[in-house]
Amino acid sequence: MLKQLAVCLSVFCTFSATAIPFSAQHAIVVNDDSGAVLLEKNAGTVVPIASLTKLMTAMVILDSKPNMEENIAIQEEDVDVLKHSKSRVPVGSTLPRKEVLQLALMSSDNRAAASLARTYPGGHPAFVQAVARKIQALGMTQTTIKEPTGLNPENTSTAADLAKMALAASKYPTITDITTDSGEEISLKGRSVAFRNTNRLVGKSGWDILLSKTGFINEAGHCLIMRIKQDGKNATLVLLNAQGGGAFADARNIRQFLGGPSNPSAVRAVRTAKTVKSLKSVRTAKAKPGKKAVAAAQHKRRHPRHA
């Protein structure tokens with residue numbers, strides 16, 4: 001499937017996103033079953049990818065087959081000193097690797113992602129090397145990832161390359177389970193803390209989401225990767241550099257494009273109105289006499305028959 005997708009993505013420039021408006025500056029929508037590109041907008045432009053990076057981080061960590069029950073302590077070196085982003089995971093917290101991965105993916109926690117790379121066999125340098133090998137194996141020729149969180153704007157890729165990454169990540173049940181979980185409570189230093197999925201569409205009625213990851217830094221804008229199922233169709237969408245909630249609005253438009261109207265009752269109302277209008281037209285046509293009928297009636301009035 002990856003080879004088939006690569007062939008389809010190599011000719012994506014022949015497709016256009018004019019069918020629907022996009023807030024995102026770079027986008028691609030791929031039919032997962034055929035690999036065909038359904039929509040695209042500047043999908044070959046290399047741009048920062050923010051926390052979409054964490055899907056790659058998760059794959060590389062899982063590829064090393066670590067002990068997911070092993071405890072990891074969050075340390076000072078895991079704290080973000082580049083963007084000074086906030087974290088609800090305090091330094092000194094100790095939790096199983098499986099929960100650290102959950103925080104990195106579902107809640108996009110940067111300290112969690114950093115600790116996963118730090119505790120990779122061989123440490124951070126070996127992790128970066130493993131990422132480079134994974135990128136090459138997936139044929140992501142326009143992708144560079146230098147660290148595990150996405151905070152560094154030098155983590156760059158294209159929408160087309162990220163579609164390949166999304167397809168690969170969807171083969172990991174652990175990743176799909178975590179990224180489609182709407183929320184969990186995790187114990188931190190003896191206190192239960194509720195964490196939510198950064199994708200507010202996860203868990204929403206009418207959405208069948210198979211994979212999800214959000215991202216944001218100023219340089220990248222708002223980013224979103226999802227694999228969704230709509231009306232029997234499986235599709236991957238990648239949206240980069242959207243403003244505000246634009247990525248979620250784009251996702252709704254894509255869902256509607258795939259055959260799932262956001263307001264089915266409104267569509268039914270429109271169809272009903274069209275049907276009524278059509279019936280009225282038919283009745284009017286039947287009620288209005290033709291030219292021959294009018295002439296016959298006039299002749300009858302002029303030359304009445306007598307019994």
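Asp 78 forms a salt bridge with Arg 118, and the closest N and O atoms of the two are 2.8 Å apart. This pair links distant parts of the chain, 40 residues apart: Asp 78 is in the loop between E4 and strand E5 (94-96), while Arg 118 is in helix H4 (residues 110-118). Both Asp 78 and Arg 118 are buried. Please keep in mind as you read on that this is a predicted model.

**The chain as a whole**

Let us step back for a moment. The protein chain has 307 residues, and buried residues make up 48% of them. Its secondary structure comes to 10 helices and 11 strands. If you take the contacts between residues at least 6 apart in sequence, 63% join residues at least 24 apart. The accessible surface comes to about 15,500 Å², and carbon and sulfur atoms account for 53% of that area.

**Salt bridges**

How many salt bridges does a search of the whole structure find? The search finds 8. Three of them are set out here, including the pair from the opening.

| Pair | N to O distance |
|---|---|
| Asp 78 and Arg 118 | 2.8 Å |
| Glu 70 and Arg 97 | 3.0 Å |
| Lys 164 and Asp 161 | 3.8 Å |

Glu 70 forms a salt bridge with Arg 97. The pair links distant parts of the chain, with Glu 70 in the loop between helix H2 (53-63) and strand E4 (71-73) and Arg 97 in helix H3 (residues 97-106), 27 residues apart. Are the two partners buried or exposed? Glu 70 counts as partly exposed because its relative accessibility is 40%. Arg 97 has a relative accessibility of 5%, so Arg 97 counts as buried.

The side chains of Lys 164 and Asp 161 also meet in a salt bridge. Here both residues lie in helix H6 (residues 159-169), 3 residues apart, which is about one turn of the helix. An α-helix has 3.6 residues a turn, so residues three or four places apart point the same way. Lys 164 is buried, with a relative accessible area of 10%. Asp 161 is buried as well, at 4%.

**Helix H4 and its surroundings**

Arg 118 brings us back to H4. This helix is mostly covered, with 9 of its 9 residues buried. Among them are Asn 110, Arg 111, Leu 116 and Arg 118. What do the buried residues of H4 pack against? They pack against H2, E4, H3 and helix H5 (123-137).

**Aromatic rings**

The count of aromatic pairs comes to 1. The rings of Tyr 120 and Phe 127 have their centres 6.0 Å apart, and their planes stand at 75°, so the pair is edge-to-face. Tyr 120 and Phe 127 are both buried.

Arg 88 lies over the face of Phe 195, at 4.6 Å from the ring centre. Arg 255 lies over the face of Trp 207, at 5.0 Å from the ring centre.

**Two loop residues**

Asp 32 lies in the loop between strand E1 (26-31) and E2. With a relative accessible area of 9%, Asp 32 is buried. Which side chain does the side chain of Asp 32 make a polar contact with? The partner is the side chain of Thr 236, at 2.7 Å. A polar atom of the Asp 32 side chain also lies 3.5 Å from the backbone nitrogen of Ala 235.

Thr 45 has its place in the loop between strand E2 (37-41) and strand E3 (47-48). Its relative accessible area is 34%, so Thr 45 is partly exposed. Not counting residues up to four places away in sequence, Thr 45 touches His 26, Ser 157 and Thr 158. The C-alpha atoms of Thr 45 and Ala 27 are separated by 9.8 Å, and these two residues are 18 residues apart along the chain.

How values were computed:
Residues are numbered from 1 along each chain as its sequence is written. This is a predicted model: local features need pLDDT of at least 70, side-chain atom pairs count only at pLDDT 80 or more; totals for chains, interfaces and linings use all residues. Side-chain values use heavy atoms; hydrogens and water are left out. A salt bridge is a side-chain nitrogen of Lys or Arg within 4 Å of a carboxyl oxygen of Asp or Glu. Helices (H or I, at least four residues) and strands (E, at least two) are DSSP runs, numbered from the N terminus. Buried means under 20% relative accessible area, exposed over 50%, partly exposed in between (1.4 Å probe, protein chains only). Contact means heavy atoms within 4.5 Å. Accessible areas come from the Shrake-Rupley method with a 1.4 Å probe; for residues, only the protein chains shown count as cover. Rings of Phe, Tyr and Trp (its six-membered ring) pair if their centres lie within 6.5 Å; planes under 30 degrees apart count as stacked, over 60 as edge-to-face and the rest as tilted. A charge sits over a ring if NZ of Lys or CZ of Arg is within 6 Å of the ring centre and within 35 degrees of the ring normal. A polar contact is a pair of N or O atoms within 3.5 Å; within protein, one must be able to donate a hydrogen and the other to accept it, and residues adjacent in sequence count only if both atoms are side-chain atoms.
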